[in-house]
Amino acid sequence: MLFFDLDGTLIESSVGITRCVAYALEKMGQPVPPQSELRRWIGPALRTSFTPVFGDPERVEQAVHHYRERFDSDGWKEHEIYPDIGEVVRRFKAAGHRLAVVTAKNEPHAQRIVEHLPFGDCFEDVIGATACGTRSHKPELVAEALARLSVQPADCWMIGDRRMDIEGARHHGMRNIGVLWGFGGEAELRQAGVQHLAQQPQDLPVLIG
């Protein structure tokens, strides 16, 4: 079974995510950092990124609420699909692979995005973070995917662009591929212990077979 990350793997979502982070910071009276710094928020769980800024758990929850408020109205639409990834996903499906999306994004938001992708019907399920944050990190998300889809780690691959994807896969002894068209980059993926690197979507079928 193939587990795909969402942001940075299937979709280029930097505009939606960074605008929602900026909106939340403005609502909380915090200065908005430059775009280059905002891009670092793509990938980790929201609470992981907001906690160093606000510290107080109550203020962190307020910031998460503001982020999701804007994401629910506008942010979920502010993305582009990476070239060729849809064709590759459809090829995997046609070859008999089972596919799912495993993302740290809020699950209802992730489901809405995947449902609107032209190839979204290829995925059996979308596993995302719980609203309360009890399931928000990649090891927990992968564990939920394994349980929900009744599959063993040895039979699965995790495909993602950030160290969290690779760390989540390695936590469960799962094969993994780091993609280089997303937000992480080669150095980050290698430091996380990635098994394989894909320069472009067409590399994925070659690596997986």
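In which strand does Asp125 lie? Select residues 125-129 and you have the answer: that stretch is strand β5, and Asp125 belongs to it. Keep in mind as you click around that this is a predicted model.

**Stop one: Asp125**

Is Asp125 buried or exposed? Its relative accessible area is 18%, and since buried means under 20%, Asp125 counts as buried. Now show what surrounds it. Leaving aside residues up to four places away in sequence, Asp125 touches Leu99, Ala100, Val101, Arg148 and Leu149. Zoom in on Arg148 from that list: the side chains of Asp125 and Arg148 are joined by a polar contact of 3.3 Å. Gly16 and Asp125 sit 109 residues apart in sequence, and their C-alpha atoms are 23 Å apart in space.

**Stop two: helices α4 and α6**

Next, colour residues 57-73, which form helix α4, and residues 107-116, which form helix α6. How do the two axes run? They come within 11 Å and cross at roughly 20°, so α4 is roughly parallel to α6. The crossing is left-handed. To see where they meet, show Arg68, Phe71 and Asp72 on the α4 side, and His109, Arg112 and Ile113 on the α6 side. The residues of this contact split into two nonpolar, one polar and three charged.

**Stop three: helices α7 and α8**

Move on to residues 138-149, helix α7, and residues 163-171, helix α8. Here the axes come within 8 Å and cross at roughly 55°, which means α7 is oblique to α8. This crossing is right-handed. Which residues meet in α7 and α8? Pick Lys138, Pro139 and Val142 from α7, then Met164, Asp165, Gly168 and His171 from α8. That contact divides into three nonpolar, two polar and two charged residues.

**Stop four: a pair of loop residues**

Where is Asp84 found? Look in the loop between β3 (80-81) and α5 (85-94). Asp84 is not a glycine, yet it has a positive phi of about 75°. With a relative accessible area of 35%, Asp84 is partly exposed.

Finish at Ser150, in the loop between α7 and β6 (157-160). Phi is positive at Ser150 too, near 55°, and this residue is also something other than glycine. Its relative accessibility is 64%, so Ser150 counts as exposed.

How values were computed: Residues numbered from 1 in each chain as written. Predicted model: local features only at pLDDT ≥ 70, side-chain atom pairs only at ≥ 80, totals over all residues. Heavy atoms only, no water. Helix = DSSP H or I, 4+ residues; strand = E, 2+ residues; numbered from the N terminus. Buried < 20%, exposed > 50% of the residue type's maximum accessible area, 1.4 Å probe, protein only. Contact = heavy atoms within 4.5 Å. Polar contact = N/O pair within 3.5 Å; in protein donor to acceptor, adjacent residues only side chain to side chain. Axes fitted to C-alpha atoms, helices over the stretch in contact; angles between N-to-C directions. Parallel < 35°, antiparallel > 145°, perpendicular 65-115°, else oblique. Left-handed = near helix turned anticlockwise from the far one by under 90°. Nonpolar A, V, L, I, M, F, W, Y, C, P; charged D, E, K, R; others polar.
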